[in-house]
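The sequence and the structure are shown first, and the description follows.

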Amino acid sequence: MTGTTWQRLDGPVTFALPTRALTVLVLLVATNIAVLVASFMFGSYPIDLPGVLATLVGNAPSETAETVVWNLRFPRSLAAMMTGALFALSGAVLQNITRNPLADPSLVGVSQGAGFAVVAAMIAFPDMGSVWRPALAFAGALAVAALIQWIAMQRTGGATMRFILTGIGVAAFISAGTNALLTYGDIDRALAALGWLAGSIHAARWGEVWSLAFCLALCAPILIWAARPMTALQFGPDIATGFGVAVRRNRIALITLSVALAAFAVAAVGPLGFVGLVAPHIARRIARAGVGLHLALTGATGALMVSLADLLGRTLFAPVQIPAGLMTALIGVPLFVWLILRSQARTQL
């Protein structure tokens, strides 16, 4: 981190510039763009780089290439990147609220609540359009988050460990209800819901892309606002109150923000595990930064994780496609174990 001093009439002012974090952010964005271009090129219908570039500027070498890039691979790749960013940001906000590095939308029941609401609607009302999924997912996730927070506030003032343990128990209960719907529901509807629960992005089209883009555009200013109270909450509720932060009000607002981020992502592609858990840790390991820049690094890391998982899932064993949800688990679990082992090794030094 380097400092820059500006001379003013009332004295010098020094600005700290986190050059390493900014450099890493630029590299992450460039890597995301590279993976995006690679996702246009590789698949059952390969297209070379000049063909991809020509298609993007409107001079497609063939109608098939234009259809594959613009109707299939482009929206799918953008949806993967945006859902990864949403899950990662949701996990980062949740970890900050609870001050617990194990907090994750899928771990504390938020993703399960969103998934249960959508699966119940898919099985009970099969003719309901996918346009209602974001609202259903948000309602289910918000109800679960409110329930967990209410239980955690009993007698303990919202202790973080009680919040995590309560979330794990509620998540298990909701998962059992989802499994019951899949077991006893109509077989065709259950299969459709099961495919969605696997976290597959292959069906994502421009409708899902615009929905995710709307969520990011809506939540980005809120995340910028949230940087200040999140910075204060890192030191605990007592110190945050001393900084002038309304802890209870900001906690509720940040939980709602985390729920909204995860709910929109779940509604678009289904639940993806370990992204919200691992991405904030990876971002923190590769570059130390303040809360605002850390959120940007976390979003870029989550986007890279899911887009890379989707690319590998549809190309490694083609024509068989592995859902992105399975690939994120295969990538996320080893990364998380490695982070734990490295953290333990550092504490022993």
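What percentage of the 349 residues of the protein count as buried? In this predicted model, 46% of the residues fall into that class. The secondary structure consists of 13 helices and two strands. Among contacts between residues at least 6 apart in sequence, 72% join residues that are at least 24 apart. The accessible surface amounts to about 17200 Å², and carbon and sulfur atoms contribute 69% of this area.

**Nonpolar cores**

The largest nonpolar core comprises 72 residues, and Ile 201 and Leu 254 have the most contacts inside it. Helix α10 supplies the largest share of this core, with 14 residues. Apart from this core lies another one of 13 residues, including Leu 25, Leu 28, Ala 283 and Leu 304. Leaving aside residues up to four places away in sequence, Leu 254 touches Val 93, Ile 97, Ala 226, Met 230 and Leu 233.

**Helix α8**

Helix α8 covers residues 206-233, 28 residues in total. From its first C-alpha to its last it reaches 38 Å, close to the 40 Å expected at 1.5 Å a residue. A kink of about 40 degrees is located at Ala 227, shortly before the proline Pro 229. Both Ala 227 and Pro 229 belong to the buried residues of α8, as do, among others, Val 209, Leu 212, Cys 215, Cys 219 and Leu 223. Ala 226, Met 230 and Leu 233 are also buried, and these three residues are among those touched by Leu 254. The helices against which the buried residues of α8 pack are α3 (63-98), α9 (237-242), α10 (247-269) and α12 (291-315).

**Aromatic pairs**

A search of the whole structure finds four aromatic pairs. One of them joins Trp 70 and Phe 74 in a tilted arrangement, with 5.2 Å centre to centre and 45 degrees between the planes. Why are Trp 70 and Phe 74 separated by about one helical turn? They are four residues apart in helix α3, and therefore about one turn lies between them. In general, an α-helix has 3.6 residues a turn, so residues three or four places apart point the same way. The exposure of the two partners is listed below.

| Residue | Relative accessible area | Class |
|---|---|---|
| Trp 70 | 29% | partly exposed |
| Phe 74 | 14% | buried |

Ring pairs link Trp 70 and Phe 74 with Phe 40, Trp 206 and Trp 210 into a cluster.

Terms used
Residues are numbered from 1 along each chain as its sequence is written. This is a predicted model: local features need pLDDT of at least 70, side-chain atom pairs count only at pLDDT 80 or more; totals for chains, interfaces and linings use all residues. Side-chain values use heavy atoms; hydrogens and water are left out. The expected span of a helix is 1.5 Å times one less than its number of residues. The bend at a residue is the angle between axes fitted to the seven residues ending there and the seven starting there. Buried means under 20% relative accessible area, exposed over 50%, partly exposed in between (1.4 Å probe, protein chains only). Contact means heavy atoms within 4.5 Å. Accessible areas come from the Shrake-Rupley method with a 1.4 Å probe; for residues, only the protein chains shown count as cover. A nonpolar core is a set of buried Ala, Val, Leu, Ile, Met, Phe, Trp, Tyr and Cys residues joined through side-chain atoms within 4.5 Å. Rings of Phe, Tyr and Trp (its six-membered ring) pair if their centres lie within 6.5 Å; planes under 30 degrees apart count as stacked, over 60 as edge-to-face and the rest as tilted.
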